[in-house]
Amino acid sequence: MSGVASVRKGLFRRAGGAALDVLFPPRCAYCQGDLAESEICASVCALCRYKLVRDLAPCCRKCGAPVGALADVREGCGRCRDRKFQFQSVIYLGLYVDDLRSAVLRAKHPHQDLLTDALADLLVDRQAPALADFRAEIACGVPMHWRRRWLRGTNSAERMAGRLARRLSIPTLPLLRRTRATQMQAGLSPAERQANMRGAFAARRGQPIGGARVLLVDDVMTTGATCGECAKALVASGAAAVMVAVVARAEGTQS
Ligand SMILES: [Zn+2]
Ligand SMILES: [Zn+2]
């Protein structure tokens, strides 16, 4: 192709892109407002980013609970010191309050893929150093029981795992399955939550779990009962290490 033709083609492409932007202006995945020119590369506008990505309080590396700045959390915090988790650490975008809580709740509904992807992107951006340190080889979303998945029409945890995996250039695989339906965790005490989830997950046969460093992805973590059971199933099948990545950490009723 001649130089002139190549420049023409480039101009045509740019004009086409501009026309698409006029027909479908890029919108913020959270507030649906038009994105300013400087925000085009982002999935949420600057104001929503400010609302969704707040300063993080110091937190326990073992269970992710917010702790005082001077707390000694080498062996975990007061909430998790007596608990043994099979995941080695927890990372998250922020606490399950205000706009982040609203966004996570909205992402549970069907047709919210752009918002779900935006939350996963914000999580990757915020936790890039911890993710680089962990060197995950496979991402896996916390599975839903098929009946709940069918009723909901989506599983935001699996969608988030897919987006995280793409950003980290690793595969996402369905390593786990639900062995049974469980009650909704909301409204249960910490002990009831653990009993409710006990043995609720198993590794799927034929998945390459042995020796793998697994990034386990969910939308919210409260007591760690769900992620703890998932990690237990992964480690029992030979996973070398499990890191939990959630969009929001709920402070609620942790034990
Ligand atoms: Zn916005
Ligand atoms: Zn802790």
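Reader: How many disulfides does the structure hold?

Author: This is a predicted model, and the structure holds zero disulfides. A disulfide is a covalent bond between the sulfur atoms of two cysteines. For a pair to be counted here, the two cysteine sulfur atoms would have to lie within 2.5 Å of each other.

Reader: Which residues coordinate the zinc ion (ligand 1)?

Author: The zinc ion (ligand 1) is coordinated by the SG atoms of C28, C31, C45 and C48, at 2.3 to 2.4 Å.

Reader: What makes the site of the zinc ion (ligand 1) tetrahedral?

Author: The angles among its four donor atoms run from 101 to 118°. Four donors count as tetrahedral if all angles lie between 85 and 135 degrees, and therefore the site of the zinc ion (ligand 1) is given that name.

Reader: Why is the arrangement around the zinc ion (ligand 2) called tetrahedral?

Author: The protein donors of the zinc ion (ligand 2) are the SG atoms of C60, C63, C77 and C80, which lie 2.3 to 2.4 Å from the ion. These four donor atoms subtend angles of 102 to 114°, and because that range falls between 85 and 135 degrees, the arrangement is tetrahedral. In sequence, the donor residues of the zinc ion (ligand 2) are spaced C-x2-C-x13-C-x2-C.

Reader: What makes the aromatic pair of F85 and F87 a stacked one?

Author: The structure holds one aromatic pair. In this pair, the rings of F85 and F87 have their centres 4.6 Å apart, which is within the 6.5 Å required, and their planes meet at 15°, which is under 30 degrees, so the pair is stacked. Both F85 and F87 are also buried.

Reader: Where does the charged end of R147 sit?

Author: The charged end of R147 sits over the ring of W146, 5.6 Å from its centre, and that distance is within the limit of 6 Å. In a further case, R54 lies over the face of Y50, at 4.8 Å from the ring centre.

Reader: Why does N196 count as buried?

Author: N196 has 10% relative accessibility, and because that is under 20%, the residue counts as buried. N196 lies in helix α8, residues 190-197. Leaving aside residues up to four places away in sequence, N196 touches R180, T182, Q183, M184, Q185 and L188.

Reader: Why does R135 count as exposed?

Author: The relative accessibility of R135 is 55%, and since exposed means over 50%, R135 counts as exposed. R135 lies in the loop between α5 (128-134) and β2 (138-141), and has a positive phi of about 55° although it is not a glycine. Most residues other than glycine have a negative phi.

Reader: What is the phi of Q32, and where does Q32 lie?

Author: Phi of Q32 is near 70°, a positive value in a residue other than glycine. Q32 lies in the loop between α1 (3-23) and α2 (46-52), and at 42% relative accessibility Q32 counts as partly exposed, because that value is between 20% and 50%.

Technical notes. Residues numbered from 1 in each chain as written. Chains lettered and ligands numbered in written order. Predicted model: local features only at pLDDT ≥ 70, side-chain atom pairs only at ≥ 80, totals over all residues. Heavy atoms only, no water. Donors = N, O, S within 2.8 Å, 3.2 Å for Na, K, Ca; no water. Tetrahedral: all angles 85-135°; square planar, octahedral: opposite > 155°, others 65-115°. Helix = DSSP H or I, 4+ residues; strand = E, 2+ residues; numbered from the N terminus. Buried < 20%, exposed > 50% of the residue type's maximum accessible area, 1.4 Å probe, protein only. Contact = heavy atoms within 4.5 Å. Phe/Tyr/Trp six-rings, centres within 6.5 Å; stacked < 30°, edge-to-face > 60°. Lys NZ or Arg CZ within 6 Å of the ring centre and 35° of its normal.
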